[in-house]
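The following paragraphs lead the reader through a structure, residue by residue. Please keep the sequence and the model in view.

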Amino acid sequence: MKKIKLHIVFAIMFLAISACERENDKNPMLIGKWQGVEWLAFGKPSGNDANQVHFEFKADGNYTAGFGSQQESGTWRTVNDKLYTTASDRKEIMVKILELDSTVLKFEMNRGGQQETMKLNRVQ
């Protein structure tokens with residue numbers, strides 16, 4: 001009887017730990033370096049220089065990004081058409097992937113209530 005109880009306790013612990021893990025399908029299409037080419041706000045040019053935006057998504061789940069002199073690094077994950085990034089010491093951010101193939105990454109984001117779309121081309 002003790003063995004059965006012990007097995008039940010371990011099963012419950014395993015389920016609890018598994019439930020706490022974040023979902024992640026780590027879309028392999030994202031892995032590589034990306035350079036910004038277009039940045040729209042509400043479907044019109046945002047006034048921001050997309051060419052200053054770059055990302056590198058690594059297979060180990062880490063990423064680096066930059067906009068001009070601003071740089072960040074952290075971890076990334078995907079769930080279906082959502083890309084989640086968590087920069088060091090910051091909260092997780094989600095963007096919706098609109099298009100992703102071997103040459104183009106296009107995502108939609110919401111910055112301060114403003115709908116923006118970023119298009120990037122693969123550089124490596």
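In which strand is the place of Thr78? Thr78 belongs to strand β5, residues 70–79, where strands are DSSP runs of E with at least two residues, numbered from the N terminus. The model is predicted, so that local features need pLDDT of at least 70 and side-chain atom pairs count only at pLDDT 80 or more, while totals for chains, interfaces and linings use all residues. Residues are numbered from 1 along each chain as its sequence is written, and side-chain values use heavy atoms, leaving out hydrogens and water.

Thr78 counts as buried because its relative accessibility is 0%; buried means under 20% relative accessible area, exposed over 50%, and partly exposed in between (1.4 Å probe, protein chains only). A polar atom of the Thr78 side chain lies 2.9 Å from the backbone nitrogen of Asn27.

The whole structure holds four salt bridges, each a side-chain nitrogen of Lys or Arg within 4 Å of a carboxyl oxygen of Asp or Glu. One of them joins Glu92 and Arg77, at 3.0 Å from N to O. This pair links distant parts of the chain, 15 residues apart: Arg77 is in strand β5, and Glu92 is in the loop between β6 (82–87) and β7 (93–100). Arg77 is buried, at 13% relative accessible area, whereas Glu92 is partly exposed at 30%.

Another salt bridge is formed by Arg111 and Glu116, with the closest N and O atoms 2.8 Å apart. Here Glu116 is buried, at 1% relative accessibility, and Arg111 is partly exposed, at 42%.

Notes:
Helix = DSSP H or I, 4+ residues; strand = E, 2+ residues; numbered from the N terminus. Polar contact = N/O pair within 3.5 Å; in protein donor to acceptor, adjacent residues only side chain to side chain.
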